[in-house]
Amino acid sequence: MHSAAVEAFDLWITASRQHLSIPSPTILNTRDLDTPPVSSEIEKPNSTYPTMNSGMDSKSPLENPSNTEFAGSTSSRPSISSLQYKASAGNSIKEVAFGDSGSRPVRYGSRGAESEALSTSQKEINEEDARLVYINDPGKTNERYEFAGNSVRTSKYSIVTFLPKNLFEQFHRVAYIYFLVIAVLNQLPQLAVFGRGASILPLAFVLLVTAIKDAYEDYRRHRSDKIENNRLAFVLVNGQFEQKKWKHIQVGEVIKIHANETMPCDMVLLSTSDPTGVAYVQTTNLDGESNLKTRYAKQETLLKINEGKFSGLIKCEKPNRNVYGFLANLEIDGKLLSLGPSNIILRGCELKNTAWALGVVVYAGRETKAMLNSSGAPSKRSWLETRMNYEIITLSFFLAALCTVVSVCAAVWLRRHRDELDYIVFFGKQEYSTGAAKDYNYYGWGAEMFLTFLMAVIVFQIMIPISLYISMELVRVGQAYFMIRDTQMYDEASDSRFQCRSLNINEDLGQIKYVFSDKTGTLTENKMEFRCASIWGVDFSGGNGASQNQQNGYSVQVDENIWRPKMSVKVDPELLRFLRMRKDAKEDNHVHDFFLALAACNTIVPLVVDTSDPHVKLVDYQGESPDEQALVYAAAAYGFMLMKRTTGYIVIDVQGDKQRFNVLGLHEFDSDRKRMSVILGCPDKTVKVFVKGADTSMFSVIDRSLNMDVRHTTEVHLRSYSSLGLRTLVIGMRELSATEFEQWHSSFKAASTSLIGRAALLREVAGNVENRLCILGATGIEDKLQQGVPEAIESLRMAGIKVWVLTGDKQETAISIGYSSRLLTDQMTQIQINSNSTESCRRRLDDAMAMSDNNTGGTSGAGSALIALIIDGTSLVYILDSELEEKLFQLASRCSVVLCCRVAPLQKAGIVALVKKRTADMTLAIGDGANDVSMIQMAAVGVGISGQEGRQAVMASDFAMGQFRFLVPLLLVHGHWNYQRMGYMILYNFYRNAVFVLILFWYVLFTCFTLTTAITEWSSMLYSVIYTSVPTIVVGILDKDLSRNTLQRWPQLYGAGHRQECYNNRLFWLTMIDTLWQSIAAFFVPLYAYWGSTIDGSSLGDLWTLAAVILVNLHLAMDVIRWNWISHAAIWGSIIVSFVCVVIIDALPILPGYWAIFHIGKTRLFWLCLLVIVVSALIPRFVIKVLYQYYRPCDVQIARETEKLGNQGELGAVEIEMN
Amino acid sequence: MNAIGAASSGGATAASDSSTTTKKNSKKPKYSRFTQQELPACKPILTPGLVITTFIVIGIIFIPVGLVSLFASEKVVEIVDRYDDGCVPRNYSNNKLAYIRSKLTDKSCTRTLNIVKPMKSPIYIYYQLDNFYQNHRRYVKSRSDKQLRSKKGESETKLCDPEGVSANGPIVPCGLIAWSLFNDTYKFKVKNKVLEVNKKNIAWKSDKSKKFGSDVYPKNFQSGGLIGGGQLNSSIPLSEQENLIVWMRTAALPTFRKLYGKIEEDLQANQQITVVIQNNYNTYSFGGKKKLVLSTTTWIGGKNDFLGIAYVTVGGLCLFFAISFILLYVVKPRPLGDPSYLSWNRNPAGHLN
């Protein structure tokens, strides 16, 4: 933007110097500026300014001095993205970005890589690193290097590579390798417990399901790639533009893009339909920002191409991920021009408001910045899954113990019978046929013991539940499906659904203890609304009352049409009256200048939009900063309507009178100066500089000798505005004398054309002109709270979640937002820490600790003592990464609310890390801007708000949604459900497999420890895959312990997750004891019932199989809370399917157990056994469950009863409200 | 919360009015009871009534079933005679193995059984082996179902090693199970009148028709140096060799019975039955016991009180629980669904900290 303006200005200068006689296309003439404005004022020498500045800085009048230290961003919306964007436009990214906090090094992993990528843009281009692009000569361009073609591939596999690649990826899971090893072991003849097919079945099934899922996803990517690659674009071939498929576009080719078309690749702009070489692009696809951005073609190429010649050599940096940086040289006719980010249009952008644009391809296909940036969110692991690993290890010990018991017993048996082995039919050391002595597969008891151990591992393998992994994945997909489709989490305004970007951490949502929230755009809407102004010491903050009656607002007649601002602003009638009154009064122009500054001092582009009424056009102000938009709309409402902006001038309709102002120079906002300025050549031939910026930075450049009282009253007003929670800006201006202008102009020109250190030079120039300002006034802009934020915060707090707000805003603003969002209440004791040295921080922390001790100690009986901690970024600089961190954490963990103001993005991550490192509590970070990315990635759960500010936050997040208040359904409802379901499912899966393994184990004790299984190998393989898997998944997806209404009415129920009620050590061991009992019941009842009978192995095996299946399914049925038709179908269906499978297996004559189920099924004994097994196995669990639920009920249980027994619930609700 | 709900639903209706133009593109999830997880569902909770009813119902069902089972088991008349020790001549009692292995010793042995209660026909004759691991892994696997089923599979003896092939070719039926075929025989007399033993239809029909081929004849069976058990008549197809088929259905547990035959005559109480046993089968090498069993049958199978006892126990336990819960609920009741029991209501101060 910056260099763009510079160049445009450059252009204007050259034009006005060289082509004086050529009239400019508009009515107004450049003549206005040919004669530099004269001013009689004599300036002070330049050298005095710095001392003066520093002097003012040190005693900056507003609140506390430490605030100025910190580079939070005040005025324009403090998103780093926009800062970064603007600064990088000046070809130097290093000044801003994350170096913000000065001494603090860039840390916190994920950002590291990116900052490295960013830094590549700063380097001068080395010869060997450069990529040479010959314009319109793709042949020569591509002859030496193999640049990527323009076809893109987002798909991971091709048909050939799918199998190996997909398998390779799947086997990254340790569990899969375990099962693979077991399947391989089973192939050894000595260890072949199961048939080949049966042993591979479960693993194959799991691999297959995952592979099908991956294949389907990849197929969709293939399809979208194909569509993308086959789109058409106009490419210059032999002097003619021809249509070419995107995938055939090469680096070096010249492409013509028409309005509303999408860029096929990254290209350097050569020429556009606009004579000055401007093109407007929309970067929604790239960063989600919907406003238009300007891009420029270089004057030289513009001229040359207009003559029909395409030649030149671009030397540019290697492809990198930095969307906001580009560094290149253009060699054309022997002249070397520098190219910056404003000269390049990236793949995915759309051309708008420009008939056509010509560009040369510099990066294509996967080397485009869009593609390089399209990596997904980093994968996280849920707490439950991490915790589960301990239990898996415990189960491994069980498994090892079982195997050891079996192998030792086997060895002992062999030792005891070693003299008889000759005769025993199974080992027959003698050759049966000949009678000759010969060992038959007997390796001695030691080796037999080892082999038995391995065989036992194979037989008992499902002790480690392989199907659990696939079940968890499916369950998460199902849970995500319901979260996405929840109508309560659909945002009407942005038409966005809830998004699950990471499928691994659904259940963590049920255990969040800390929420770290950004303020602007997250708690607030980031839709700025102009609320009040203080002009020349007069406060105009009405506008809430009768203003609505002029509903049409201000409008302007242009030719036949009426132009009207798109958004109407509530106006202060008094101010309007005041304006009309003063209209002709020339002597006091402060009000006039104030609104002129609002309308002009910005980078807003007005766009004229048609409406249904052909005579009414709407003016839509497009710009990067919502604050600026709000100000321009406000100016328009008061009759200063920005009509047109070109690179050289703007047209403002001043109370019905169109005036043209030449934009002589523009100093962009940056975070050091925290202000911006524009130098206007006015119609009355004066040159004025208008400045707007943050109060702290503005008061340091205001001429203190002038208008003492105005300055003072403005300060008072500012304080009252920010205490209302408004964002404030101060406006100042100065008229430049002719000599001053000349001086500025020459240095500005020199700075803007310099190749090295341009940004620093420009900042210096800006600093020289932005001083001794006359204060005009201040504005108050309201950043409205999002809908439902106070209620949501209330709910979260009641749920026992600590809400921390981290904002770049001023302390007063933050506190007032805190009050309005009910984060802070009057009962709270506030502790504020604003220090600027390590020592004072330590003192403040100690004091605060003592205070909180008193507070909690003294009032513990009386009720809740709430403490709110308010700390600013400067203090955090001294606290984070020092020994004070621990103290801060101690203090903060006692506070129910923590507000951090003026924090930099990296500090946000630091604060999250502060909590995350010290506790096992789950953290959630929510934010909407690029400045929240580090925090979102640091927290256990990152939530992105897909709002006004681009997509970086969403891209980095695990979940994305439209509004802050959706946190309530997300955490309290879905999080609770997900946690409960997942916790239960994991325990159930452990139980389910362990019961089966134990039944196998008991039988082994009756078979000479030789690992015979009465249950057929097919049944034991199908057990966890078919017989019992569907109900777990269905219950894991669909069961609800409480209804949505109950959960939202009593947010405290969320505490179940904090207390880990659904998955903990105690539950695990209880489940295991229960498992032991159930397996005993299931095994020994048939054993004794059939002892000494004619029962054969297969029949008894069938009985055990069915007993186990019915048992585990009924166990699940007993725990299901909500029976809908799907759970009925799944549970009863599973039992039926198991019967069918057993019947099918027994109907295969090839298997030894042929027809067994029909024989045993005919006997009443069989059915009686089943019944008594199920009942006796489940009785202990039932009894304990009943006792627990009745005498030690958890909150969830009581709430469930209340839900069921309705009327009592109403009574309770009233009580709650009284509390 | 209600406020939010109302607001969002209000927003929804407003949007549907204005969405006529953008309807096609709206990403708003479609409402359905399924996607909102609001399917009609039954939500049972364990109320005292339900719990007590459950226990009483189980008790009421189980105790009679248990009693009926016990009664049925009681009705079974069973005579068990262990003969493995008794049938070894006194002079061989220290060297039973030599006795059983020698081809020269006289293996026949006469036993007398007393009929205590009248036995109705059919009376099943079982032999019972104790401590015989027919479920040993090597034993169970040592068979070739393909070979048993049809002539084509004759050479499928891979699984049968070491009893797969003889010098003359594949053994049919191969494997350890067949090789160790039980070969004691029993002859019954009552008052010098021979009791007919019906050895037909003692095996499962399904096995006869599908698993054991009618075209498969024994071949090279027991032709090696070490004889494991009974011989087979090589002129009768396997599907007719029912004693083999019974034997090949390997027992699940180390103590098992196998059907030997049926006596289709009623036996009166106080009758004496003389059994002439050919004691051929070697269980002495591993300390196994051999028993001869005569038993009638009822619906519950053989004589086994376990199931009846289990039912009565479980039923009684349930009744006990029912009574205990009634008492518990009376002594220490808790109103269900009373919000004042919620943790934050019981202890309001503790919650927010």
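Two strands count as paired if DSSP finds at least two bridges between them; helices (H or I, at least four residues) and strands (E, at least two) are DSSP runs, numbered from the N terminus. This is a predicted model, in which local features need pLDDT of at least 70 and side-chain atom pairs count only at pLDDT 80 or more, while totals for chains, interfaces and linings use all residues. Residues are numbered from 1 along each chain as its sequence is written, chains are lettered from A and ligands numbered from 1 in the order in which they are written, and side-chain values use heavy atoms, with hydrogens and water left out.

Chain A holds 43 helices and 35 strands. Of its 1219 residues, 61% are buried, where buried means under 20% relative accessible area, exposed over 50% and partly exposed in between (1.4 Å probe, protein chains only). Taking contact as heavy atoms within 4.5 Å, 75% of the contacts in chain A between residues at least 6 apart in sequence join residues at least 24 apart.

One open sheet in chain A is built from 4 strands in the order β18-β19-β21-β20, with mixed pairing. Its edges are β18 (556-558) and β20 (605-610) of chain A; each has a single partner strand, so one side of each lacks a neighbour in the sheet. On average, neighbouring strands here are turned by 35 degrees against each other, direction ignored. β18(A) pairs with strand β19 (residues 561-565) of chain A in the antiparallel sense, over 3 bridges, and A:Val556 has A:Trp563 in β19(A) as its bridge partner. Helix α19 (residues 626-637) of chain A lies across β19 and β21 (616-622) of chain A and runs at about 145 degrees to β21(A). Angles run from 0 to 180 degrees between N-to-C directions, and axes are lines fitted to C-alpha atoms, for helices over the stretch in contact.

A second open sheet in chain A has 9 strands, ordered β14-β35-β34-β33-β15-β29-β32-β31-β30, again with mixed pairing. Here β14 (499-500) and β30 (829-833) of chain A take the edge positions with a single partner strand each, so one side of each has no neighbour in the sheet. Within it, strand β29 (residues 802-806) and strand β32 (residues 897-901) of chain A pair in the parallel sense over 4 bridges; A:Leu806 has A:Cys900 in β32(A) as its bridge partner.

Strand β7 (residues 292-296) of chain A is largely enclosed by the rest of the structure, because 5 of its 5 residues are buried. A:Leu292, A:Thr294 and A:Tyr296 point one way from β7(A), while A:Lys293 and A:Arg295 point the other way, and all are buried. Strand β6 (residues 278-282) of chain A pairs with β7(A) in the antiparallel sense over 5 bridges, and A:Val278 stands opposite A:Tyr296.

As for helix packing, the axes of α24 (residues 789-798) and α32 (residues 967-1004) of chain A come within 9 Å and cross at roughly 25 degrees. That makes α24(A) roughly parallel to α32(A) (under 35 degrees is roughly parallel, over 145 roughly antiparallel, 65 to 115 roughly perpendicular and the rest oblique). The contact involves A:Ala792, A:Ser795 and A:Leu796 of α24(A), and A:Leu967, A:Val968, A:Leu971 and A:Leu972 of α32(A).

Finally, A:His590 lies in helix α18 (residues 590-600) of chain A. Neighbours within four places in sequence aside, A:His590 is in contact with A:Ile535, A:Trp536 and A:Leu776.
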